[in-house]
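This note is written for a colleague who is meeting the structure for the first time. Please read the numbered points with the sequence and the model at hand.

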Amino acid sequence: MSKLLPEEIEQYRSDGYVIPEFRLSEDRISALRATMDELIDKNPGVRPEQLVNAHIEQPTAEGVRGCGDFLDLARDPDILDLVEGALGPDIILWGCHLFCKPAGDGMEVPWHQDGEYWPIRPLATCTVWIALDDSVTENGCLRVIPGSHTERRVYDHDNDGRDNLVLNYRVTDDQLDEANMVDLELEAGQMSLHDVYMIHGSNPNRSNRRRAGLALRYMPGTSVFERSTITPGDDAGFVVDFSRRPLWLMRGSDQTGSNDFDVGHS
Ligand SMILES: O=C(O)CCC(=O)C(=O)O
């Protein structure tokens, strides 16, 4: 059974994240690791932490050549059941990003809110972050500040200025309270769900174990993907161009009637 339990939904609402009981089998994870290897091989010029559009086979504006197996994963009814507990019955897939931190030099993800980067109004997204390797403190697991989503606003972010980061924008120090920070340690096959407003990040991977996670991004059918609100560019730390980003209606309907499900599909 993959649906979020009532207490898991409650934790997602109050803390901004949850690690559900549901997990993927070892066989499934081995197959996904093979897909990840293929994705990395197909994109030799891209850092493995910055593989956006990992699910899209056709060429995209961001220059990444993706793998359809990740799109199949994003369609998995078990995963969609989890997302339904967080977002409700109308579910749109709009992104998929591989964050693979190689052993030794895996890059840091500075503290940020996803909402700083995304053209979704009203701002809403549930990210399902699937551990393809064991992800622990030592190899730079995802870290969160529980409850940091509750005001439902995007805090000020500054361009961090360092050149060895996965993303450039970082929540300013005066708005960060790291005292309650939690490391989301996951075994391969486990996953976490997090809210678009929750502050999160991860340390560099200086260990001798790779740390890979696949982030599937879903928004509710009550939001619009407003491609034109973010100008294409590389301010984020890598090329971002939402102008032709394809959307997939995974469940229910587009309640807004304003999302375009044709753009970017051919
Ligand atoms: O994988 C990581 O370390 C960071 C992931 C992240 O920032 C995200 O999924 O939004």
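In which strand is Arg 251 found? The first point answers this, and the later points turn to other parts of the model, which is a predicted one.

1. Arg 251 belongs to strand E15, which comprises residues 248-251. Its side chain makes a polar contact of 2.8 Å with the side chain of Asp 81. A polar atom of the Arg 251 side chain also lies 3.4 Å from the backbone oxygen of Pro 77.

2. The ligand sits in the largest pocket. The elements that give two or more residues to the shell around the ligand are strands E3 (91-101), E4 (109-112), E6 (126-131), E12 (200-202) and E13 (211-220). Of these, E13 gives the most, with three residues.

3. The ligand is surrounded by 14 residues, and the closest are Asp 114, Trp 129, His 200, Ser 202 and Arg 211. Sorted by class, the shell consists of five nonpolar, five polar and four charged residues.

4. For Arg 211 the distance is 2.8 Å, for Asp 114 it is 3.0 Å, and an N or O atom in the side chain of His 112 lies 3.3 Å from a ligand oxygen. The ligand on its own has 290 Å² of accessible area, and the protein covers 100% of it.

5. The structure holds 22 salt bridges. One of them joins the side chains of Arg 162 and Glu 108, with an N to O distance of 3.0 Å. Arg 162 lies in the loop between strand E8 (157-159) and strand E9 (169-171), whereas Glu 108 lies in the loop between E3 and E4, so the pair ties together parts that are 54 residues apart in sequence.

6. Most residues other than glycine have a negative phi, and most peptide bonds are trans. Arg 121 and Pro 122, however, are joined by a cis peptide bond, with omega about -15 degrees. Pro 122 is located in the loop between strand E5 (120-121) and E6.

7. Asn 53 is placed in the loop that runs between strand E2 (51-52) and helix H3 (68-74).

Conventions:
Residues are numbered from 1 along each chain as its sequence is written. This is a predicted model: local features need pLDDT of at least 70, side-chain atom pairs count only at pLDDT 80 or more; totals for chains, interfaces and linings use all residues. Side-chain values use heavy atoms; hydrogens and water are left out. A residue is near a molecule or strand if one of its heavy atoms lies within 4 Å of it. A polar contact is a pair of N or O atoms within 3.5 Å; within protein, one must be able to donate a hydrogen and the other to accept it, and residues adjacent in sequence count only if both atoms are side-chain atoms. Accessible areas come from the Shrake-Rupley method with a 1.4 Å probe; for residues, only the protein chains shown count as cover. On a 1 Å grid over the protein atoms alone, a cavity is a set of points where a 1.4 Å probe fits but cannot get out, and a pocket is an open set with protein on both sides within 12 Å along at least five of seven lines; lining residues have an atom within 4 Å of a point. A molecule sits in a cavity or pocket if more than half of its atoms lie within 2 Å of its grid points. Helices (H or I, at least four residues) and strands (E, at least two) are DSSP runs, numbered from the N terminus. Ala, Val, Leu, Ile, Met, Phe, Trp, Tyr, Cys and Pro count as nonpolar, Asp, Glu, Lys and Arg as charged, and the others, Gly among them, as polar. A salt bridge is a side-chain nitrogen of Lys or Arg within 4 Å of a carboxyl oxygen of Asp or Glu.
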